[in-house]
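Trainee: I would like to go through this model with some questions.
Mentor: Go ahead; here it is.

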Amino acid sequence: MLAAENTSVNATAGYGVTPLIQTPYERRILEVAARQVQRVQPSLWRTDLVGIADFAQPSWKPRLHFANLENGSVRSFLLAHGRGSDPMHSGWLQSFSNLPGSEATSRGAFLTCEWYQGKYGTSIRLKGLDTDNSAALERAIVMHPAWYVDASLISKWGKIGRSEGCFAMSTEDFNEALIHLSGGRLLFSDRIGEG
């Protein structure tokens, strides 16, 4: 699995669970997650875990973070951006768009909805909650597994492939999204950076 997990939760005899040791970047991700949940909470069904897509990071780094607001852990995965957001295929997102036909990634808060069977198999429908991603349903912007999101492509080409604006994960990691992120949780997309 490509997930990078903060594994600092350890049971110690007589003391229960030790506190997580978080990097400054992980703390930033958790702060963004908590702030965005507070902002759009009336639209969410569940607020325990938040997906944060940090497109300030290049495609060869894990940049989809599952921020667990209950235990303070962060798990990170590879994530594709849209080809319309990176026309020269540099591996860096250049711009966001909400326009139908743009094949670009949108920024903002998304509600993760139901599973459905699509072009890439089981996928998660997304509803845009902001003006910058309000056309998500119309554009069929979803979360799905994709062959072109794989560490072997980074070894070969120095980056992963691009989607048509969808949040595409590796086939190996996508079950993590199905199990942990779907069902009315928040996926937030923006350029966040390491501060």
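Trainee: Is E176 buried or exposed?
Mentor: This is a predicted model, in which local features need pLDDT of at least 70 and side-chain atom pairs count only at pLDDT 80 or more, while totals for chains, interfaces and linings use all residues. Residues are numbered from 1 along each chain as its sequence is written, and side-chain values use heavy atoms, with hydrogens and water left out. Buried means under 20% relative accessible area, exposed over 50% and partly exposed in between (1.4 Å probe, protein chains only). The relative accessible area of E176 is 15%, so E176 is buried.

Trainee: Which residue meets E176 in a salt bridge?
Mentor: A salt bridge is a side-chain nitrogen of Lys or Arg within 4 Å of a carboxyl oxygen of Asp or Glu. For E176 the N to O distance is 2.6 Å, and the partner is R75.

Trainee: How many residues apart in sequence are the parts that R75 and E176 tie together?
Mentor: Helices (H or I, at least four residues) and strands (E, at least two) are DSSP runs, numbered from the N terminus. R75 counts as buried at 15% relative accessibility. R75 lies in strand 6 (residues 74-77) and E176 in helix 4 (residues 174-180), so the parts tied together are apart in sequence by 101 residues.

Trainee: Where do R39 and D130 lie, and how far apart in sequence are the parts they tie together?
Mentor: R39 and D130 form a salt bridge, with the closest N and O atoms 2.8 Å apart. R39 is in helix 1 (residues 24-40), whereas D130 is in the loop between strand 8 (121-128) and helix 2 (136-139), so the parts tied together are apart in sequence by 91 residues.

Trainee: Which of these two counts as buried?
Mentor: R39 has 43% relative accessibility, so it counts as partly exposed. At 18% relative accessibility, the residue that counts as buried is D130.

Trainee: What is the volume of the largest pocket?
Mentor: On a 1 Å grid over the protein atoms alone, a pocket is an open set of points with protein on both sides within 12 Å along at least five of seven lines, and lining residues have an atom within 4 Å of a point. Among the 21 lining residues, K119, Y120, H144, E164 and C166 are the closest to the centre of the largest pocket. Grid points are joined across faces, edges and corners, and a volume is the space filled by probe spheres set on the points. For the largest pocket this comes to about 350 Å³.

Note on methods: On a 1 Å grid over the protein atoms alone, a cavity is a set of points where a 1.4 Å probe fits but cannot get out, and a pocket is an open set with protein on both sides within 12 Å along at least five of seven lines; lining residues have an atom within 4 Å of a point.
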